[in-house]
Amino acid sequence: MQMLHRQPGWRFSAYLVQPLPKPHNLLKPYLRKATESSQTLAMKSIEEADVGILCYISQLPGFRGVLKQRYSDFIVNEVDSDGSVVHLTSLDAPPEDDENKMETTDHSFKSYTSEIESFKSLAGQCNAELLKAFLDQIISGVEDVSPLVLCPDADKSHRTEMHKFFKEKFKFLVTDTVDGPDASTKCIRVRLNSGNNQKRGRNSRKRKDRSDKPFDSRGSDDWSEHVGKFLRFHLYKENKDTQEALQLIGKMLGIQQRSFGFAGTKDKRSVSTQRVTVFKQHASRLAALNERLIGIKVGDFGHVNEELLLGQLSGNRFTVTLRGVVADSEDIIKASVISLGKNGFINYFGLQRFGSGSVPTQIVGAALLRGEWKEAVNMILDAREGERDSIRQAREYYRESDDIEGTLRQLPRYLVAERAILQCLKKCPGNYLQALKGIPRTLRMMYVHSYQSYLWNHAASVRVQKYGTTQVVLGDLVYCKGKDIERSSEALSSSGYEDGSCNEIDHCSIQEEILPEERDSVSVKAVNAEDLAAGTYTIDDVVLPLPGSSRVIYPANDVAEVYHNLASKDNVNLIESVHNVKEFSITCMSGGYRRVFQKPLDFEWEMIRYTDGNIPLAETDLDIISKSKHELTKEDILTNQDKDETLLTEREGKNDEGGIKAQLALKLSFTLPASCYATMAIRELLKTSTSVAFHKTLNA
């Protein structure tokens, strides 16, 4: 049974006739003890109450539903700056001009038997066979030959001899050194030099010059002047985070990960599609990877003049399927969904913002704001609850032995912050501030930004508890309208930063959490009696600040006290910095404003009966492409659907009459601005925690 209700911009369906219960104004207090500071939370797993996620808009009862039982139950499609939803529609590379294609040079017509024999005596049988297969691809005219990575070699002098060999014998190839499978080994990578006639020696482009660029500028040399210098493509991925997917693609292309530009990271446990740019890479090279990539696809290629930057999107389109839905009645489910569409949800920063470990990122952020560099380093390196035994053992090994080299050999490479800290401490023992600065900027700024979010969440809960969710009150902060905009703009222009250098703070490092409209340059004001009498502002206009520079203003009521009281318990001063490291200083951070209440846009929902938990209930972009390729007829589709609904798994069993025991799912589709969390919308429905640990218990 399927009941479909489409509510773009909230449109009621005629099917539902039950009146919506009135939303409540004052919510039950679920605040933690007032004396408990964020520092005391470091030894236990993070929960919603720990980060200020405490209230709901509606007082309707919740119901049971499993979030992300399958990663395909959480589909995310980026919405670009023009408001268009990004989809993967084609995997094929567009036809390229002849001038863009790889030219075949004289090396394609020569046999290299003697050179391979010489290489065999230098590098061994295995490497010689790899090189021969690599050369055979080039000679046969294959357009996109993937780089060759030779066997691991721990001997630096031997690697130097091999580099010299290639330079003398294979002038059309270039070599470099990449990391091996473990910390003690390196591998030589061999690539076809697309710019044979150009000298690419050590002095042609220094490493220092390349590292200063925001992207890897070592793109193809045979690039047409008639197209943009960046290739834009749509990245589709399943159960992988954005960085992981791009790292793999970069490795296969033989380019650095920073070659890629993107507007925002997407959830790992999901199916997502987003835009990506890369500097001067041919579409045919990327399209050829589709046959080798698992859980990743690329397509919809085009050329643009500018690289994508973090924050250059308007939002995300979500398709979320809640499985195993159980409620006292279906009327409760319907009423809850209607309430979500009409009244929205409290726009909390979700648990993802605060990390998944037992040491939440906001606690590290508070230590950084206090200038406690060693404590912050220890928090990042210490063992934590819920990690794999091998990682926990590596952390404990370092704590007991202080053996940096031995710890690095044990830590996996995806623990970027930990490895960066240890590498810096190896070079500069005891310099904990420098070690923290060794963490990539985007990652290290995550800690202090999460502390901003921590304060904001608590302030939002107090605002809801004291003043409800339906009316603007005296002292609320709102986005300015009409003449207020002009007056507020004049006030903002007359008040500057205490230190002009703070203008250089990188907004993009926030990773799409603070939108341009939410930064501290946006016009806001405190509601006065005249505004209340005129009814100028509504509850949808209410915002709360993210603490930062002196330009950020606070509500003109007692909600403002929440920020300073909570920060003081963490020994954090929001008015002045206790140290001179600007990037870890609250007064030099980019503050901003965030809407307290958010409504889902273009909201659609349906209830679905299903009998097999392994059958997807929502189509991904790749499903649609596959269906079109197979040219399924309408009858084929209906037959498959009927088959799906009759499948029986042992876990689901049968009902008393011997038939199949069907389960209920709720599928929701909606769009949210880039700074909003879909999990917080789901929380408003279920009235339960959105933590991964909790939903694992439901799925057990």
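A nonpolar core is taken here as a set of buried Ala, Val, Leu, Ile, Met, Phe, Trp, Tyr and Cys residues joined through side-chain atoms within 4.5 Å. In this predicted model, the largest such core comprises 100 residues. Within this core, the residues with the most contacts are L322, L368, I421, L436, L666, L668 and F670. Helix α14, spanning residues 441-467, supplies the largest share of the core, namely eleven residues. In soluble globular proteins, nonpolar side chains tend to be buried together.

The surroundings of I421 were examined with its neighbours within four places in sequence left aside. On this basis, I421 is in contact with V377, I380 and L381, as well as with A435, L436 and I439. Of these partners, L436 is itself listed with I421 among the residues that have the most contacts inside the largest core.

Strand β7 (residues 230-238) is mostly covered, with eight of its nine residues buried. This strand pairs in the antiparallel sense with strand β9 (residues 271-279) over nine bridges, and F233 has V276 of β9 as its bridge partner. Strand β7 also pairs with strand β10 (residues 296-304), again in the antiparallel sense, over seven bridges. In that pairing, L231 stands opposite H303 of β10.

Aromatic pairs number 19 in the model. One of them joins F119 and F165, whose ring centres are 5.5 Å apart; the pair is classed as tilted because the planes meet at 35°, which falls between the limits of 30 degrees for stacked and 60 for edge-to-face. Since F119 belongs to helix α1 (residues 113-123) and F165 to helix α3 (residues 156-169), the pair ties together parts that are 46 residues apart in sequence. F119 counts as buried because its relative accessibility is 0%. F165, with a relative accessible area of 9%, is buried as well. The rings of F165 and F166 have centres 6.1 Å apart and planes at 90°, and the pair is therefore edge-to-face. Like F165, F166 is buried. F119, F165 and F166 belong to one aromatic cluster that also includes Y112, F170 and F172.

Aromatic rings are also approached by charged side chains. The charged end of K68 sits over the ring of F74, at 4.3 Å from the ring centre. R594 lies over the face of F349, 3.8 Å from the centre of the ring.

Conventions
Residues numbered from 1 in each chain as written. Predicted model: local features only at pLDDT ≥ 70, side-chain atom pairs only at ≥ 80, totals over all residues. Heavy atoms only, no water. Buried < 20%, exposed > 50% of the residue type's maximum accessible area, 1.4 Å probe, protein only. Helix = DSSP H or I, 4+ residues; strand = E, 2+ residues; numbered from the N terminus. Pairing = 2+ DSSP bridges. Contact = heavy atoms within 4.5 Å. Phe/Tyr/Trp six-rings, centres within 6.5 Å; stacked < 30°, edge-to-face > 60°. Lys NZ or Arg CZ within 6 Å of the ring centre and 35° of its normal.
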